[in-house]
Amino acid sequence: MTPPLYLGWQYAATDADPGPPPRLPAPPGQLELSAGWLAAQRREEDLLARPLKIRLAVFAALALVLAGCAVAGWLTVVVAGPVLVASLVAAGLSGRARWRGERVLRRRIEAEQSRVEVLRADGERRLRQAQGEYTRLVSDWQRRRSAFASRKSWHAVPVPEGIDRVDVAGGTLAGWSAVLTMAAAYQLAAGGEATVVDLSGGAVAADLAGLCAAAGGVPPAVWVLPDDLPRLDLAASLAPGELADVLALSASAAEEHRSVRDLAVDTAILDRVIDVLDSGGPSGQGGPVPVRRVTAGLRTLAQIGDPRADLAAGLLTDREAAALSTLFGRGTIDRVILERALSLEAQLRRLDSVGTEAASLPRGRLRVVAVDRRASAQSATTLGSFAVTALTHLIGRVPAAHGATSWRHTLFLLGAERLRADVLDRFTDACEASRCGLVIAYRSMPPHVRQRIGRGNAAVAFMRLGNAEDAKAASEQIGAAHRFVVSQLTETVGTSVTDTLGGSYTSTVGDSYSAAMSAGRNESRSDGTGRSSPSGAGVLPLTPSAGGSRSEQAGTSRGTNESVSLTAGISTSTAWGLSTSRATGDSESLARSLQRSRELVVEPSELQRLPVTAMIVSYGSGSGLAAGTANGAGLGRRVLLVDANPAIGALPVATLDALDAVPANTVPANTVPANTVPDNAVLDSRVNDPVTAWWPEVARRAPGSG
């Protein structure tokens with residue numbers, strides 16, 4: 001699986017960085033009694049006690065002298081005694097004053113010592129309080145730091161799928177070094193290869209080459225031109241016609257105003273000269289024609305110098321010299337041929353030493369062809385055009401491929417603004433046809449560069465552009481976006497009044513008639529019989545009496561009735577009415593309209609003050625994103641702010657996963673450290689690399705191997 005090409009890192013805002021840890025409270029300095037202060041006190045005490053010391057010494061000496069004189073008999077006791085006593089008293093007073101001064105000094109020192117002890121104890125108490133507060137702050141900081149470190153805030157930005165080329169515009173040499181190291185280090189670590197052509201003269205690939213060499217394995221192959229021209233043999237595998245084309249374009253690179261006709265004439269002259277030289281080498285052996293033999297043939301054709309010098313050096317044979325002198329007619333008097341041959345020799349003599357000391361070397365994964373900063377402007381242009389044009393022909397031999405671009409062998413062309421427009425077009429077309437990944441970097445944006453930046457399926461990365469015109473062109477290249485702004489505000493107030501008048505009239509006339517007849521007959525009969533007699537014994541013990549009663553009745557009734565009724569009536573009714581209504585209404589409306597405003601996505605001033613490693617990457621989202629996000633489903637352009645600093649990959653918060661999604665072809669984040677290139681990377685995958693078909697012929701010869 002081909003690893004993606006990473007352009008840099010995209011930052012995703014998370015929790016605020018807790019910052020550095022709290023400072024450990026510094027313990028107060030060890031408070032001690034100052035030795036300088038003690039010395040000063042003793043020095044002052046000595047100055048104050050000096051008269052007392054002198055007085056004591058004088059009176060003591062006088063007492064000794066008097067005592068000696070009295071013992072020797074030189075003075076009488078009457079005379080020497082009082083004087084001796086007075087001297088001793090004066091000496092005693094002086095000694096007492098001296099002792100009191102020493103005692104005062106000792107007390108002062110003891111008081112100062114007590115004060116120092118009090119200050120020391122207070123400092124230790126404050127230190128214990130500060131350490132307790134420090135422990136609390138450190139615990140809180142560690143908690144916030146752990147939460148911050150557990151979130152991945154830097155995400156790698158791979159080249160989107162469907163992109164064939166990356167154009168880098170602007171930037172400094174340090175920024176280019178960061179971009180190159182960021183892009184190539186992961187490719188080399190994953191088993192890929194990188195070829196760098198540095199025309200900037202700033203040794204941009206030095207950091208990458210040092211990183212690759214420190215990783216071990218096969219060292220990188222580095223050619224610094226023009227010093228390493230003898231060890232760079234790009235022309236050895238070129239056909240005669242290809243060599244003529246390469247040399248013609250190399251010679252025309254240093255001339256600003258060259259027409260297609262002049263280039264055609266130069267190519268024809270070189271083609272014929274190489275045909276003469278290709279018929280046989282100096283010793284009758286065939287093979288590639290060295291560039292120095294071509295320049296020798298041009299000198300013979302243009303009649304420059306003594307041809308015997310080239311014959312003696314073995315660059316030409318007598319037969320070849322004779323054939324060249326009559327190549328365009330005897331005497332070669334055509335002025336056009338002379339001028340063009342003279343101009344070609346003046347430009348191509350800088351390439352005389354190409355391939356003269358070629359040596360074989362093991363195939364490495366990194367190859368660097370760089371132009372030395374000490375080379376002149378014309379030499380740098382000629383050397384760069386020669387290297388790029390020769391690589392164009394070598395890449396053109398690879399059959400055209402189909403499918404996605406392979407970034408396994410990535411080509412880096414730095415300082416491409418020094419090349420002609422046609423050289424750039426042929427180089428990019430060859431890489432696109434062979435599906436080789438290409439990264440082109442321009443320090444400035446002249447007109448022919450502005451016409452080619454972003455052409456085709458290319459992503460554009462803009463770095464710092466100090467020039468105002470370049471920044472303006474880059475801002476327009478990124479494009480503008482539509483934004484909705486308030487363009488009109490309308491307020492409407494209205495009143496409506498409605499009157500309604502209505503009338504109605506109703507008249508009704510009706511007739512009614514009814515007739516009814518009824519008949520009925522009824523008959524009834526009733527019979528009844530009744531009998532009663534008292535009981536034989538009563539309640540009281542009286543003699544029962546005999547008695548009884550009996551009754552009967554009968555009745556019969558009959559009836560018949562008939563009735564007839566007749567009703568007739570006429571009814572009339574009339575109704576009328578009148579209605580009136582009135583309605584009043586008020587209305588108020590507020591309307592706001594929005595209008596699209598087209599503004600630049602990135603202002604030119606922002607491009608002028610970008611950090612050194614910052615890039616603004618722009619590409620068409622319709623071509624498909626490497627992460628496969630939903631944003632890629634629609635058309636338009638996507639703009640990202642990227643930091644190309646490769647050291648970000650060593651941070652614990654960095655991951656190779658894209659910010660919006662995990663790309664299908666992204667390698668695990670822990671397999672490729674940003675600051676190391678493992679020497680055990682698998683190289684067997686080169687068999688599918690379309691560029692390996694042409695580079696081995698070049699890489700067999702090493703710079704500085706002899």
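Leaving aside its neighbours within four places in sequence, which residues is F427 in contact with? The close-ups below, taken from a predicted model, start there.

**View 1. F427 and its contacts.** Setting aside neighbours within four places in sequence, F427 touches V388, L391, T392 and I395, and also L411, L413 and L438. F427 turns up again among the residues with the most contacts inside the largest nonpolar core, together with L247, L270 and L413.

**View 2. Helix 11 against helix 12.** Here helix 11 (residues 377–396) goes past helix 12 (residues 421–433), with the two axes coming within 9 Å and crossing at roughly 30°. The crossing is left-handed. On the helix 11 side, the residues involved are S385, V388, T389, L391, T392, H393 and I395, and they meet V423, R426, F427, A430 and C431 of helix 12. Sorted by class, that contact comes to 7 nonpolar, 4 polar and 1 charged residues.

**View 3. Two nonpolar cores.** The largest nonpolar core runs to 81 residues.

**View 4. Strand 1 beside strand 2.** Strand 1 (residues 6–11) pairs with strand 2 (residues 154–158) in the antiparallel sense, over 5 bridges. To find your way around, look for W9, whose bridge partner in strand 2 is A156. Strand 1 is mostly covered, with 5 of its 6 residues buried. As a rule, side chains in a regular strand alternate between the two faces of the sheet.

Notes
Residues are numbered from 1 along each chain as its sequence is written. This is a predicted model: local features need pLDDT of at least 70, side-chain atom pairs count only at pLDDT 80 or more; totals for chains, interfaces and linings use all residues. Side-chain values use heavy atoms; hydrogens and water are left out. Axes are lines fitted to C-alpha atoms, for helices over the stretch in contact, and angles run from 0 to 180 degrees between N-to-C directions. Helices (H or I, at least four residues) and strands (E, at least two) are DSSP runs, numbered from the N terminus. A crossing is left-handed if the near helix is turned anticlockwise from the far one by less than a right angle, and right-handed if clockwise. Contact means heavy atoms within 4.5 Å. Ala, Val, Leu, Ile, Met, Phe, Trp, Tyr, Cys and Pro count as nonpolar, Asp, Glu, Lys and Arg as charged, and the others, Gly among them, as polar. Buried means under 20% relative accessible area, exposed over 50%, partly exposed in between (1.4 Å probe, protein chains only). Two strands pair if DSSP finds at least two bridges between them. A nonpolar core is a set of buried Ala, Val, Leu, Ile, Met, Phe, Trp, Tyr and Cys residues joined through side-chain atoms within 4.5 Å.
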